[in-house]
Amino acid sequence: MTAHVPHQMPHAGGVSDEEFRAAMARLAAGVVLVTAHDPDEGARGEDVGMTATAFMSVSLDPPLVMVSLRDESRMDELLGRQDHWAVSLLTEGQRQAAGRFAMKGRLSDRLLFQDLPHSRGTVSGAPLVDGALAAVECRTEQRVRAGDHTLVIGRVLATTLTGGEGGPLLYYQGRYRNLG
């Protein structure tokens, strides 16, 4: 028997936003930083970053990954016109960086990247987080509209195993967690 929470309007499909969020909060997800370089911003361009948990491997042949981006987010807008990007798989020690790039009304990305040790991807031109577990550099193959998000499927052009310390950073029940 499922508990019904009053005062929540279900969608036409039957579940409310709150019910859906509560169920999905029980799925542990790895935390990544999606990055890209915006050549059109300022004299030398600007780096853009976004914390994400909706990231996954899609295919081995060809090597494809997918990230889900909220419609009208800065990253969605940028990846709509810039097809090279990167993803750094964060370690449990990089919780602060994950939180800072996820905050609403946060500092400019330029200031956040000044405080984050990183190198530049040779293929994507995007920032790769130093000390992350791994990084993948991608070129967009396909964009698929899905509700209030866009699924961006990218071909992996290069990988970096950076040998980060510790285990992966996880997100579970609304909080960053360590494995184990």
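Modeller: The count comes to 11 salt bridges, a salt bridge being a side-chain nitrogen of Lys or Arg within 4 Å of a carboxyl oxygen of Asp or Glu. This is a predicted model, in which local features need pLDDT of at least 70 and side-chain atom pairs count only at pLDDT 80 or more, while totals for chains, interfaces and linings use all residues. Residues are numbered from 1 along each chain as its sequence is written, and side-chain values use heavy atoms, with hydrogens and water left out.

One of the pairs is Arg120 with Asp47, whose closest N and O atoms are 2.8 Å apart. This pair links distant parts of the chain, since Arg120 sits in strand β7 (residues 118-120) and Asp47 in strand β3 (residues 46-52), 73 residues apart. Strands (E, at least two residues) are DSSP runs, numbered from the N terminus. Asp47 is buried at 10% relative accessibility, whereas Arg120 is partly exposed at 42%. Here buried means under 20% relative accessible area, exposed over 50%, and partly exposed in between (1.4 Å probe, protein chains only).

Glu141 takes part in a salt bridge with Arg139 (3.3 Å, N to O) and in another with Arg155, where the closest N and O atoms are 3.2 Å apart. Glu141 lies in strand β9 (residues 134-146) and Arg155 in strand β10 (residues 149-160), so their pair ties together parts that are 14 residues apart in sequence. Glu141 is partly exposed at 38%, Arg139 is partly exposed at 28%, and Arg155 is partly exposed at 27%.

Elsewhere, salt bridges with shared partners join Asp38, Asp40, Arg74, Glu77 and Arg81 into one network.

Note on methods: Helix = DSSP H or I, 4+ residues; strand = E, 2+ residues; numbered from the N terminus.
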